[in-house]
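Trainee: Can you walk me through this one? I would like to start with the surface and then go inside.

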Amino acid sequence: MNMVTDLAAWLRRKLGMKVSFNWNNSLRYWLLAAIVVGSALSGTLVWTWLDPVNTLQRGLIFGFGAGIWLVACVFVMDLVLVEHGWCGHLCPLGAAYGLIGSKSLIRIKAVKREACTKCMDCFNVCPEPQVLRQPLKAGDRRVLDKDCISCGRCIDVCAEQVLEFRTRIGAENEE
């Protein structure tokens with residue numbers, strides 16, 4: 001699915017399009033709750049019908065059917081409405097990861113904040129870039145926002161090695 005959303009981002013840059021639609025931050029959690037309730041009531045895995053990643057994989061292996069429309073909707077949403085639309089704002093799996101990760105012992109921390117060159121590479125790869133603002137500016141260096149799924153993309157792209165995985169507890173994490 002990253003290839004689809006990256007293609008949308010590339011095309012948006014080439015065409016000079018600006019995305020300005022603003023999602024409600026709690027939408028992904030409502031979608032997660034609806035999927036859990038729907039699965040409990042129907043006795044089936046509702047998520048498999050709504051997951052564009054799964055749909056894309058099935059389409060590549062078995063051939064596309066009606067599922068191509070779901071993948072196309074994600075592409076158009078990413079191209080026209082909002083950057084990282086599915087992965088960053090709607091994906092219920094990301095909401096589940098965020099809820100679990102908010103209580104995780106391992107978090108991302110801006111250990112070398114002073115070395116940050118403001119190149120914005122971490123913001124460009126993060127599905128929820130607003131979670132990086134506070135740790136890179138002032139105050140607590142840990143990314144404690146529940147929208148962070150601790151994917152580590154920001155760590156991988158940082159040439160200055162500003163960000164690292166660290167434990168949440170311990171004397172070294174006190175501000």
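This is a predicted model: local features need pLDDT of at least 70, side-chain atom pairs count only at pLDDT 80 or more; totals for chains, interfaces and linings use all residues.

Mentor: A place to begin is L60, which is found in helix α4.

Trainee: Is L60 buried or exposed?

Mentor: L60 has a relative accessible area of 60%. The cut-off for exposed is over 50%, so L60 counts as exposed.

Trainee: Which residues form the nonpolar patch on the surface?

Mentor: The patch is made of L60, I61, F62, F64, I68 and W69. Together they have about 750 Å² of accessible area. Two elements, α4 (52-62) and α5 (68-81), each give two or more residues to the patch.

Trainee: Which element gives the most to it?

Mentor: That is α4, with 3 residues.

Trainee: What about the loop between α4 and α5, where is A66?

Mentor: A66 sits in that loop. Its relative accessibility is 65%, so A66 counts as exposed. The C-alpha atoms of A66 and M3 are separated by 20 Å, and these two residues are 63 apart along the chain.

Trainee: On to α5, then. How many residues does it have, and how far does it reach?

Mentor: α5 has 14 residues and reaches 19 Å from its first C-alpha to its last. That is close to the 20 Å expected at 1.5 Å a residue.

Trainee: Which residues in α5 are buried?

Mentor: V71, V74, F75, M77, D78 and L79 are buried there. What the buried residues of α5 pack against is α1 (2-15), α4 and α6 (85-90).

Trainee: And the largest nonpolar core, how many residues has it?

Mentor: The largest nonpolar core has 16 residues, and M1, V4 and W86 have the most contacts inside it. The elements giving two or more residues to this core are α1, α5 and α6. Of these, α5 gives the most, with 5 residues.

Trainee: What does W86 touch?

Mentor: Leaving out residues up to four places away in sequence, W86 touches W47, L50, P52, V74, M77, D78, C91 and P92. Among them, V74, M77 and D78 are buried residues of α5.

Trainee: Which residues does the second core include?

Mentor: The second core is separate and has 14 residues, including A110, C154, C158 and V162.

Trainee: Changing topic: what is the phi of M120?

Mentor: M120 has a positive phi of about 70 degrees, although M120 is not a glycine. Most residues other than glycine have a negative phi.

Trainee: Where is M120 found?

Mentor: M120 is in the loop between β1 and α8 (121-125). With a relative accessible area of 40%, M120 is partly exposed.

Trainee: And what about Q161, what is its phi?

Mentor: Q161 has a positive phi of about 55 degrees and is not a glycine. Q161 is found in the loop between α10 (153-157) and β2 (163-167). Its relative accessible area is 49%; exposed requires over 50%, so Q161 is partly exposed.

Trainee: Last one. Where is K103 found?

Mentor: K103 is in the loop between α7 (92-101) and β1 (106-110). K103 is exposed, with a relative accessible area of 69%.

Trainee: What separates the C-alpha atoms of K103 and L27?

Mentor: They are separated by 20 Å, and K103 and L27 are 76 residues apart along the chain.

Notes:
Residues are numbered from 1 along each chain as its sequence is written. Side-chain values use heavy atoms; hydrogens and water are left out. Helices (H or I, at least four residues) and strands (E, at least two) are DSSP runs, numbered from the N terminus. Buried means under 20% relative accessible area, exposed over 50%, partly exposed in between (1.4 Å probe, protein chains only). Patches are made of residues with over 30% relative accessible area and no salt bridge: like charges are joined within 9 Å, nonpolar side chains (Val, Leu, Ile, Met, Phe, Trp, Tyr) within 5 Å. Accessible areas come from the Shrake-Rupley method with a 1.4 Å probe; for residues, only the protein chains shown count as cover. A salt bridge is a side-chain nitrogen of Lys or Arg within 4 Å of a carboxyl oxygen of Asp or Glu. The expected span of a helix is 1.5 Å times one less than its number of residues. Contact means heavy atoms within 4.5 Å. A nonpolar core is a set of buried Ala, Val, Leu, Ile, Met, Phe, Trp, Tyr and Cys residues joined through side-chain atoms within 4.5 Å.
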